[in-house]
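User: I'm new to reading protein models, and I'd like to learn where the labels come from. Can we go through some of them together?

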Amino acid sequence: QVQLVESGGGLVQAGGSLRLSCAASGRTFSDYAMAWFRQVLGKEREFVAAISRRSFNIILTDSVKGRFTISRDNAKTAVYLQMNSLKPEDSAVYYCASGSVATRLIKNYDAWGQGTQVTVSS
């Protein structure tokens, strides 16, 4: 009963930037934590970033600290992932997710978007 729709993926050269957006509908957006995960074909889905309901708690995986920023706009019911200094190893399908609390554990998220492809060339 929730829809999450990602956008903003694409092809970018190493060192470049992309901004991913996730538009949410179907639930009270401000009641839920939001997160970004990514997945490469044949590998496990990997946690990237999470943000709490009022943006007081923000979690980033070590590999993106200093490069990625997660933010949300509750009035717009949207969450964003600003990705700077992109590396080829950032290439993946990026998914947004919503859940009860902001954690890095995939089990805490019960709604997922369809994903958007990010490809970083060297």
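Analyst: Let's start with Phe47, which counts as buried because its relative accessibility is 8%. The cut-offs are under 20% relative accessible area for buried, over 50% for exposed and in between for partly exposed, with a 1.4 Å probe and protein chains only. Keep in mind that this is a predicted model, where local features need pLDDT of at least 70, side-chain atom pairs count only at pLDDT 80 or more, and totals for chains, interfaces and linings use all residues. Residues are numbered from 1 along each chain as its sequence is written, and side-chain values use heavy atoms, with hydrogens and water left out.

User: What makes Trp112 partly exposed?

Analyst: Its relative accessible area is 27%, so Trp112 is partly exposed. Tyr109, at 5%, counts as buried, and Phe37 is buried too, at 1%.

User: How many aromatic pairs are there?

Analyst: Four. The rule takes rings of Phe, Tyr and Trp (its six-membered ring) with centres within 6.5 Å; planes under 30 degrees apart are stacked, over 60 edge-to-face and the rest tilted.

User: Why is the pair of Phe37 and Phe47 called edge-to-face?

Analyst: The ring centres of Phe37 and Phe47 are 5.5 Å apart and the planes stand at 75°, so edge-to-face it is. Phe37 sits in strand S4 (residues 33-39) and Phe47 in strand S5, so the pair links parts 10 residues apart in sequence. Strands here are DSSP runs (E, at least two residues), as helices are (H or I, at least four), numbered from the N terminus.

User: Which residues form one aromatic cluster?

Analyst: Phe37, Phe47, Tyr109 and Trp112.

User: How do you know that the charged end of Arg45 sits over the ring of Tyr95?

Analyst: The test asks for NZ of Lys or CZ of Arg within 6 Å of the ring centre and within 35 degrees of the ring normal. The charged end of Arg45 is 3.8 Å from the centre of the Tyr95 ring, and it also sits over the ring of Trp112, 4.8 Å from that centre.

User: What makes Cys22 and Cys96 a disulfide?

Analyst: Their sulfurs are 1.9 Å apart, and the rule is a pair of cysteine sulfur atoms within 2.5 Å. Cys22 is in strand S3 (residues 18-25) and Cys96 in strand S9 (residues 92-99), so the bond ties together parts 74 residues apart in sequence.

User: Why is the disulfide of Cys22 and Cys96 right-handed?

Analyst: The torsion about its S-S bond is about 45°, so it gets that name.
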